[in-house]
Amino acid sequence: MTDPAAGRFITLEGGEGAGKSTQVVRLKEWLKERGHESVATREPGGAPGAEMVRKLLVEGPVERWDGITEALLHFAARRDHLRSTVWPALKRGAWVISDRFADSTMAYQGYGHGADRTMLGALYDMAVGDFCPDLTLILDLPVETGLARAAARRGRETRYESLPIAFHERVRAGFLDIAAADPKRCVVIDAGKDIETIAASIADAVGSRLGI
Ligand SMILES: Nc1ncnc2c1ncn2[C@@H]1O[C@H](COP(=O)(O)OP(=O)(O)OP(=O)(O)O)[C@@H](O)[C@H]1O
Ligand SMILES: [Mg+2]
């Protein structure tokens, strides 16, 4: 039985423009109303060293790295994020909400770029061990809708957005596959709806799955 006083680790996953960053803020507010202080963080990044690696991953030309190099960079950043931010916060009883986590590596590098998924699982075991999120919310929506939303907000971090539609379709199918394979941890949320409706679905999922 999980310690009711301990923190929980919640991850938000999904393709470009699915609304992850928007919903992290909403979920943090919702938890606060229920008396749970939380730390909002993101991947790649979420710690000073990991944010340096983020710049290598999200800026620059698409062909800069192959799938395996990307996966190694993601897991290096992830381990720093866990050690510097996530694990210490959970240890002191805070809840942690991460905007992307390891399912993004599996979906983008594995399903999207075709990196060997067994190899990605082995990298997870090495970098993360047997730790995993208490709950993963997979924000699902049509690829074109997500890319249009992301384009409307465009900044410097366009490296993944520049990939072809077929790549993003594989990523979407990958996330749905991951959710189907691990239904105890994952909940798929219809992210094509308006922001309030999605926030309510997420609150329902967190409430029912984590018992708050
Ligand atoms: N449900 C929604 N309906 C319409 N627009 C939305 C919705 N949710 C978010 N947006 C808008 O779409 C854009 C992308 O949202 P957001 O940045 O939250 O997505 P994201 O999943 O974090 O994207 P990325 O993967 O690129 O980081 C933002 O401009 C945001 O205001
Ligand atoms: Mg975002």
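## What lines the largest pocket

The lining of the largest pocket splits into 9 nonpolar, 11 polar and 15 charged residues. In that tally Ala, Val, Leu, Ile, Met, Phe, Trp, Tyr, Cys and Pro are nonpolar, Asp, Glu, Lys and Arg are charged, and the others, Gly among them, are polar. This is a predicted model, where local features need pLDDT of at least 70 and side-chain atom pairs count only at pLDDT 80 or more, while totals for chains, interfaces and linings use all residues. Residues are numbered from 1 along each chain as its sequence is written, chains are lettered from A and ligands numbered from 1 in the order in which they are written, and side-chain values use heavy atoms, with hydrogens and water left out.

The largest one has a volume of about 740 Å³, counted as the space filled by probe spheres set on points joined across faces, edges and corners. Of its 35 lining residues, Glu16, Lys20, Ser21, Arg100 and Arg153 are closest to the centre.

Ligand 1 sits in the largest pocket, meaning more than half of its atoms lie within 2 Å of the grid points. Helix 1 (20-33) and helix 8 (195-210) are the elements giving two or more residues to its shell, and helix 1 has the largest share, with 3. The shell holds 15 residues, with Gly19, Lys20, Ser21, Thr22 and Lys193 coming nearest; a residue gets in with a heavy atom within 4 Å. By class, that shell has 3 nonpolar, 5 polar and 7 charged residues.

On to polar contacts (pairs of N or O atoms within 3.5 Å). A polar backbone atom of Gly19 is 2.9 Å from a ligand oxygen, and a backbone N or O of Ala18 lies 3.1 Å from an oxygen of ligand 1. For Ile195, a backbone N or O atom is 3.4 Å from a ligand nitrogen. Taken alone the ligand exposes 630 Å², and the protein buries 75% of that (Shrake-Rupley, 1.4 Å probe).

## The second largest pocket

This pocket holds about 270 Å³ of space. Among its 15 lining residues, Asp103, Met106, Tyr124, Ile178 and Arg185 are closest to the centre. The lining has 10 nonpolar, 2 polar and 3 charged residues, and helix 4 provides the largest share, 4 residues.

Key:
Polar contact = N/O pair within 3.5 Å; in protein donor to acceptor, adjacent residues only side chain to side chain. 1 Å grid on protein atoms, 1.4 Å probe; cavity = no way out; pocket = protein on both sides within 12 Å on 5 of 7 lines; lining within 4 Å.
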